Amino acid sequence: MLSGEATYDGKPIPSGELIFTPDTGRGNKGPQGKARIRDGKFSTENDGRGVVGGPHRVELRAFDGIPYEGREMQVEEGKPLFGSLVTEIDLPEESAKLDAVVETEGSKPQFVLTVLP
């Protein structure tokens, strides 16, 4: 199980998801994992999907959490805070706490994912 906190410029990300894809180019394989972000917290345990250890590419999608009426339906997650961001990380085989941080440098958000001790 992976869990942790997700922030954008020091504030909790209201809504979003992290998608963990094993990096086959670095010799890892297995199913893709997911974790929903709610009020700055995420976990693969409750409404996510577990991951295998090893090298991964991780995609972050973040939203403002304010529902709005889209063209064809209600969009519950709200509007995107920024475009999809991707980083790489080597995940441990066992459960871990992660820190997902997005900081804006100039006009471009930078995504850093860290395994906490």
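Biologist: What is the relative accessible area of Asp-9?
Modeller: In this predicted model residues are numbered from 1 along each chain as its sequence is written, local features need pLDDT of at least 70, and side-chain atom pairs count only at pLDDT 80 or more, while totals for chains, interfaces and linings use all residues. Side-chain values use heavy atoms, with hydrogens and water left out. With a 1.4 Å probe and protein chains only, buried means under 20% relative accessible area, exposed means over 50%, and partly exposed lies in between. Asp-9 is partly exposed, because its relative accessible area is 36%.

Biologist: What is the phi of Asp-9?
Modeller: Most residues other than glycine have a negative phi. Asp-9, which lies in the loop between β1 and β2 (11-12), is not a glycine and yet has a positive phi, with a value of about 50 degrees.

Biologist: Asp-39 also has a positive phi, so where is the place of Asp-39?
Modeller: Phi of Asp-39 is near 50 degrees, although this residue is other than glycine. Asp-39 is exposed, with a relative accessible area of 65%. Its place is in the loop between β4 (33-38) and β5.

Biologist: How many strands does the chain have?
Modeller: Helices (H or I, at least four residues) and strands (E, at least two) are DSSP runs, numbered from the N terminus. Read from that end, the elements run β-β-β-β-β-β-β-β-β-β-β. The chain therefore has zero helices by this definition, and its strands number 11.

Biologist: What is the radius of gyration of the chain?
Modeller: The radius of gyration is taken over C-alpha atoms, and the globule rule is 2.2 Å times the number of residues to the power 0.38. For 117 residues that rule gives 13 Å, and the value for the chain is close to this, so the chain is as compact as a globular protein of that length, with a radius of gyration of 14 Å.

Biologist: What percentage of the 117 residues is buried?
Modeller: The C-alpha atoms fill a box of roughly 40 × 35 × 25 Å, taken along the principal axes. Within the chain of 117 residues, the buried residues make up 37%.

Biologist: Which kind of aromatic pair do Tyr-8 and Phe-82 form, stacked, tilted or edge-to-face?
Modeller: Rings of Phe, Tyr and Trp (its six-membered ring) pair if their centres lie within 6.5 Å, and planes under 30 degrees apart count as stacked, over 60 as edge-to-face and the rest as tilted. By this rule the count comes to one aromatic pair. The ring centres of Tyr-8 and Phe-82 are 4.9 Å apart and their planes are at 65 degrees, so the pair is edge-to-face.

Biologist: How many residues apart in sequence are the parts that this pair ties together?
Modeller: Tyr-8 is partly exposed, with a relative accessible area of 22%, whereas Phe-82 is buried, at 11%. Tyr-8 lies in strand β1 (residues 2-8) and Phe-82 in the loop between β8 (74-75) and β9 (85-91), so the pair ties together parts whose separation in residues is 74.

Biologist: Which residues does Gly-4 contact beyond its neighbours within four places in sequence?
Modeller: Gly-4 is found in strand β1 and counts as buried, at 16% relative accessibility. Contact means heavy atoms within 4.5 Å. Leaving those neighbours aside, Gly-4 is in contact with Gly-40, Lys-41, Phe-42 and Leu-98.

Biologist: Is Thr-44 buried or exposed?
Modeller: The place of Thr-44 is in the loop between β5 (41-43) and β6 (54-63). Not counting residues up to four places away in sequence, Thr-44 touches Met-1, Leu-2, Phe-20, Lys-34, Ala-35, Arg-49 and Gly-50. Because its relative accessibility is 6%, Thr-44 counts as buried.

Biologist: In which strand is the place of Thr-114?
Modeller: Thr-114 is partly exposed, with a relative accessible area of 36%. Residues up to four places away in sequence are not counted, and Thr-114 then touches Ile-89, Lys-97, Leu-98 and Asp-99. Its place is in strand β11.

Biologist: How far apart in space are Ser-95 and Tyr-68, C-alpha to C-alpha?
Modeller: Ser-95 is in the loop between β9 and β10 (96-105), and at 47% relative accessibility Ser-95 counts as partly exposed. Ser-95 and Tyr-68 are 27 residues apart in sequence, and their C-alpha atoms are separated in space by 36 Å.
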